[in-house]
Amino acid sequence: MKRGIKAVFGVALAAALTGGAGAASAQDTIKLGEMNSYKNFAAFLEPYKKGWELAVDEINASGGLLGKKLEIVSRDDNGNPGDAVRVAEELLNREKVNFLIGTFPSNVGLAVASFAKEKKVLFIAAEPLTDKIVWDQGNRYTFRLRASTYMQTAMLVPDAVKLNKKRWAIVYPNYEYGQAATAAFKKLMQERQPGVEFVIEQAPPLGKIEAGAVADAIAAAKPDAIFSSLFGPDLAKFVREGNTRELFKGKEVFNLLAGEPEYLDPLKDETPAGWYVTGYPWQDIKTPEHTAFLNAYQAKFKDYPRLGSIVGYSTVLSAAAVIKKAGTLDMEKLVDAMSGLEHMTPVGKIMYRPQDNQSTMGAYVGKLALKNGAGVMADWYYADGAKFLPSDADVKKMRPAN
């Protein structure tokens with residue numbers, strides 16, 4: 001009999017680690033429905049998947065949840081809001097998952113958040129950075145893990161203000177994330193540095209930047225400094241063309257996300273030293289919780305983690321923590337338990353704020369540097385997300401009543 005139980009649990013664990021539907025019966029497993037844009041954003045989401053695989057492995061090795069094994073049923077949403085909603089329907093109705101986690105692009109996250117509200121199902125949004133998901137379009141059933149666009153922009157603003165540069169150029173991918181980052185940066189700078197000017201904005205479509213033309217246009221405007229929210233291949237092209245034209249020489253540059261290994265590593269010796277960035281200096285973080293995560297990750301995958309690894313791992317930790325706190329899989333009790341939920345992650349303890357369902361996960365802030373022909377983060381520190389969130393009064397103005 002014991003062998004039979006172990007065999008069933010082994011099947012569930014194997015299915016969880018591969019992201020497939022398990023052969024074990026529903027009463028033996030807790031199933032989470034995970035969706036993400038794996039084909040569209042592989043640089044971030046391949047490490048992200050490894051992160052949640054590691055979390056599932058550890059949870060099941062320690063006895064599972066509520067006496068059951070944890071299983072992840074994962075699907076690709078093609079980076080498309082309509083596809084994501086169809087996937088969410090399939091996960092709930094066909095796969096009978098207990099609740100939903102995941103998503104990457106902001107527009108996809110918002111679509112699934114709206115679906116979660118309609119269906120009254122818990123949704124832990126892992127990666128979408130849009131501020132709307134917890135504020136303007138926030139709802140009772142949607143909670144977001146990562147520090148938002150506003151939060152990460154606010155983390156860079158103090159250094160920007162200290163430099164007292166008057167003329168700024170802005171370049172951003174022309175979709176919700178880039179638009180929100182630009183709006184937040186302009187608002188915060190105008191509040192803290194009266195007289196600041198934004199002399200040019202360049203907004204190429206995501207994934208379709210004509211980097212030479214963008215760099216030439218910015219150079220012609222003669223800014224003192226540049227604020228960018230480009231990432232991925234767009235960032236690499238902009239750096240290359242900017243370096244070729246010496247666009248960054250004598251200018252201070254701020255870039256969200258450019259310190260994340262997913263986007264920094266491909267730059268190699270082209271890394272623009274001195275840029276102010278948010279990112280993940282995994283090599284140098286020495287806290288006990290991060291060291292434990294790093295050792296486990298490297299032992300399992302024979303590779304170093306990216307920020308996506310942290311996000312995937314922590315998303316499943318949040319799911320496990322709320323199940324343990326609620327002590328049940330009853331949906332409304334799970335949602336109640338998410339409000340104010342606290343648990344440890346590789347970057348320290350986080351809490352999902354009752355006032356807006358936003359976690360207090362922060363980000364690492366520092367400057368880019370070259371070391372042995374590769375880009376790294378230097379002079380970095382961890383910015384506590386709780387210190388870069390709007391006031392309760394502002395949240396009340398932005399967030400609709402649930």
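**View 1. Glu 34 stands opposite Ile 101 of β3.** Here we're looking at β1 (residues 29–36) and β3 (residues 99–102), which pair in the parallel sense through four bridges. Two strands count as paired if DSSP finds at least two bridges between them; strands (E, at least two residues) and helices (H or I, at least four) are DSSP runs, numbered from the N terminus. This is a predicted model, so local features need pLDDT of at least 70 and side-chain atom pairs count only at pLDDT 80 or more, while totals for chains, interfaces and linings use all residues. Residues are numbered from 1 along each chain as its sequence is written, and side-chain values use heavy atoms, with hydrogens and water left out.

**View 2. Five strands make an open sheet with parallel pairing.** The order is β2-β1-β3-β4-β5. Because β2 (69–76) and β5 (142–144) sit at the edges with a single partner strand each, one side of each has no neighbour in the sheet. From one strand to the next, the twist averages 25°.

**View 3. Helix α3 (residues 81–93) packs on the sheet.** It touches β1, β2 and β3 (contact means heavy atoms within 4.5 Å). The direction of α3 makes about 170° with that of β1; angles run from 0 to 180 degrees between N-to-C directions, and axes are lines fitted to C-alpha atoms, for helices over the stretch in contact.

**View 4. Helix α2 (residues 42–61) crosses helix α10 (residues 288–301) at roughly 100°.** Their axes come within 11 Å. The two helices are therefore roughly perpendicular (65 to 115 degrees). Among the contact residues are Pro 47 and Leu 54 of α2 and Phe 293 and Tyr 297 of α10.

Key:
Angles under 35 degrees count as roughly parallel, over 145 as roughly antiparallel, 65 to 115 as roughly perpendicular and the rest as oblique.
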